[in-house]
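Dear colleague,

I am handing over the structure we spoke about, and below it you will find my notes on what turned up in it. Please read them with the sequence and the coordinates open beside you.

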Amino acid sequence: IIRVRPLTCTETRRGDRRVVHSLGDSAVHVSATSPPGARRGLRHPLSCRCPHAQVSAARHDATFGFSAVFDAGASQEAVFEGSGMRQLVELAIDGFSCTVFAFGQTGSGKTYTLMGPLAQSESQPASPALLGLMQRSFTCLLEQSRSRSSDLALSASYLEIYNEQVRDLLSPGPPCALPLRWSKTRGFYVENQLSVDFESLEAIVSLLLQGSQRRRTSAHALNRHSSRSHALLTIHIRSRAVSAHPAPGEGEGASACPSKQGTLCFVDLAGSERVKETGSSGELSVEANSINRSLLALGHCISLLAKPRGKRTHIPYRDSKLTRLLARSLGGSGITLMVACISPSSRCLSETLSTLHYASRARRVTTRP
Ligand code: ADP
Ligand code: MG
């Protein structure tokens with residue numbers, strides 16, 4: 001799905017034009033020379049239903065089809081309800097590995113879509129209407145777990161990948177790198193990662209806040225406005241037959257009678273913008289390089305996965321930590337929702353186009369849950 005954010009005050013002030021317009025509910029049109037009607041925010045009269053990008057004669061005019069497109073006016077609730085997020089939560093409870101990605105350039109609204117503005121201001125809690133996909137999913141998950149007969153044990157882990165290092169955002173103290181290992185039974189996993197049990201909405205939201213703040217501090221030093229890491233919040237859902245309540249503090253291995261185990265993973269990717277060769281040096285360029293490398297690796301895996309099943313070659317999950325951690329949700333048995341976030345501004349045109357191309361490739365990937 002695609003989400004277009006509104007123009008920001010700064011963008012409006014400096015006179016940026018809107019170059020992105022949605023055509024109905026499932027297509028988006030990008031144009032450097034937008035018709036005057038569309039410029040005023042009216043729906044484009046041609047409702048185009050093309051499956052993939054169709055680049056027309058004018059170099060920058062392109063139309064892309066997606067499962068759902070949310071325009072600048074769409075509320076957080078509309079995005080939650082219209083993205084299939086509720087079904088994804090239910091599938092995770094049923095034991096599937098579900099993943100939600102937010103992809104897009106810095107400032108395109110990834111964090112806003114996932115968490116709402118709450119991550120931006122620590123002082124005031126955000127208004128309920130602005131809560132993002134994550135909080136809405138937690139609510140949904142907890143409601144479901146109360147209404148179902150089986151007993152659900154919930155726990156969360158929160159990691160970031162910064163400069164190709166995996167760091168735990170929930171463990172106290174300065175972030176330290178954790179080793180990423182592989183085993184036959186578990187696939188890729190992070191050794192010693194902290195997993196915290198929770199039972200209430202307040203508990204999981206506060207874990208999310210704590211973790212995001214740890215993430216932000218490391219981003220602060222260099223760039224206030226951009227997250228230079230990929231953040232992965234995973235909710236582990238173990239369901240057991242109805243029995244006595246789990247003992248508090250019960251660890252991983254001690255579950256009573258393991259039955260289904262699903263996961264719900266939220267991935268806030270680092271900004272996808274290409275870094276200009278000039279101007280980045282030292283630490284910044286190391287950062288930028290590892291972001292570019294891991295997003296490239298992700299894009300590469302996606303391209304290969306998008307090929308018809310028979311023609312597929314080996315998928316290089318090992319190329320980056322990001323793809324290793326996501327191997328299960330990308331390929332095999334996972335169900336993945338990709339939220340590509342774009343800015344409507346004329347200044348972001350080329351990044352917007354590359355995000356849309358990336359997202360249309362991702363759309364062609366089929367998994368076998
Ligand atoms: P990213 O995480 O992609 O770098 P952010 O989520 O931090 O971007 O969004 C950048 C800015 O745009 C923030 O100030 C955010 O509040 C604002 N913003 C993003 N999406 C929307 C939206 N749909 N409606 C209103 N404001 C938005
Ligand atoms: Mg962000």
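**A hairpin and its neighbours**

In the hairpin formed by S2 and S3, where three residues lie between the strands, Gly 24 adopts a positive phi near 70 degrees. Please keep in mind throughout that this is a predicted model. Strand S2, which covers residues 20–23, runs antiparallel to S3 and is joined to it by four bridges, and within this pairing His 21 stands opposite His 29.

Strand S3 also pairs with strand S5 (residues 62–65), again antiparallel and through four bridges, with Val 28 placed opposite Phe 64. As for the side chains of S3, which spans residues 27–30, Ala 27 and His 29 point one way while Val 28 and Val 30 point the other way, and all of them are buried.

**The annotated binding site**

UniProt, in an unreviewed entry, places a "binding site" at Gly 104, Gln 105, Thr 106, Gly 107, Ser 108, Gly 109, Lys 110 and Thr 111. Of these, Gln 105 sits in the loop between strand S7 (97–103) and helix H5 (110–115), whereas Thr 111 belongs to helix H5.

Gln 105 counts as buried because its relative accessibility is 11%, and buried means under 20%. Leaving aside residues up to four places away in sequence, Gln 105 touches Lys 110, Gly 271, Ser 272, Glu 273, Cys 341, Cys 348, Glu 351, Thr 352 and Thr 355. Thr 111, at 16% relative accessibility, likewise counts as buried.

How values were computed: Residues are numbered from 1 along each chain as its sequence is written. Chains are lettered from A and ligands numbered from 1 in the order in which they are written. This is a predicted model: local features need pLDDT of at least 70, side-chain atom pairs count only at pLDDT 80 or more; totals for chains, interfaces and linings use all residues. Side-chain values use heavy atoms; hydrogens and water are left out. UniProt positions are given in the numbering used here, feature names are shortened, and annotations may be inferred rather than shown by experiment. Helices (H or I, at least four residues) and strands (E, at least two) are DSSP runs, numbered from the N terminus. Buried means under 20% relative accessible area, exposed over 50%, partly exposed in between (1.4 Å probe, protein chains only). Contact means heavy atoms within 4.5 Å. Two strands pair if DSSP finds at least two bridges between them.
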